[in-house]
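Hi everyone, thanks for coming. Let me put the structure up, and then we can walk through it together.

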Amino acid sequence: MTVPATSLYTALAERLHAAGVATWNPAGIYTPGQTGITLTVMPAAPDRAVVLTVYDRDEHADPRLTDERVRVQVRVRAAKGRPDSADALAEAVHAVLRAHHVTWSGVAITRVHRRSYLPLGLDSNGRPEVSMNYEVLLP
């Protein structure tokens, strides 16, 4: 069964929000002090942000193969000042997302596994960024 990307986005965003890592507001409105969660596009503000992007789906045509593989990029940005602050935010995200056999916001997830981690350096406003790629297995 294919899970819509919107359902997966909501599941991941609500999980990060519930864990206190970042704030999920579907309207995309955040105060300057919040770490906002957005979908697909890095916003200009707030300074601290987590962006979720589904970029690849492997839906099996063979009905004997039940797991669907979905790849999700998680990009984080921290405020200016400490280059390692993006690393700390990325690790907080990772601590919440790595999971096995869970159901988040009604979406059953077999496994979430980080496939890559890449520091991106500073954006044009001097804010450090990190990109991580995850593989999400859905039953």
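Two strands count as paired if DSSP finds at least two bridges between them.

A word on provenance: this is a predicted model, where local features need pLDDT of at least 70 and side-chain atom pairs count only at pLDDT 80 or more, though totals for chains, interfaces and linings use all residues. Residues are numbered from 1 along each chain as its sequence is written, and side-chain values use heavy atoms, leaving out hydrogens and water.

Now, in what order do the seven strands of the open sheet come? The order is β1-β2-β3-β4-β7-β6-β5, with mixed pairing. At the edges sit β1 (23-24) and β5 (99-104), each pairing on one side only. β1 and β2 run parallel, joined by two bridges, and Gly 36 in β2 is the bridge partner of Thr 23. β2 also pairs with β3 in the parallel sense, over five bridges, and there Thr 38 stands opposite Val 51 in β3. Four of the five residues of β2 are buried, so β2 is largely enclosed by the rest of the structure; buried means under 20% relative accessible area with a 1.4 Å probe, protein chains only.

On to the helices. α1 (residues 5-18) has 14 residues and reaches 20 Å between its end C-alpha atoms, close to the 20 Å expected at 1.5 Å a residue; that expectation is 1.5 Å times one less than the number of residues. Its buried residues include Leu 8, Tyr 9 and Leu 12. Just after α1, Gly 20 takes a positive phi of about 80°.

How do α1 and α2 meet? Their axes come within 10 Å and cross at roughly 110°, where axes are lines fitted to C-alpha atoms over the stretch in contact and angles run from 0 to 180 degrees between N-to-C directions. The two helices are therefore roughly perpendicular, a label covering 65 to 115 degrees. Leu 12, Arg 15 and Leu 16 of α1 make the contact with Val 93, Val 96 and Leu 97 of α2, contact meaning heavy atoms within 4.5 Å.

How values were computed. Buried means under 20% relative accessible area, exposed over 50%, partly exposed in between (1.4 Å probe, protein chains only). Angles under 35 degrees count as roughly parallel, over 145 as roughly antiparallel, 65 to 115 as roughly perpendicular and the rest as oblique.
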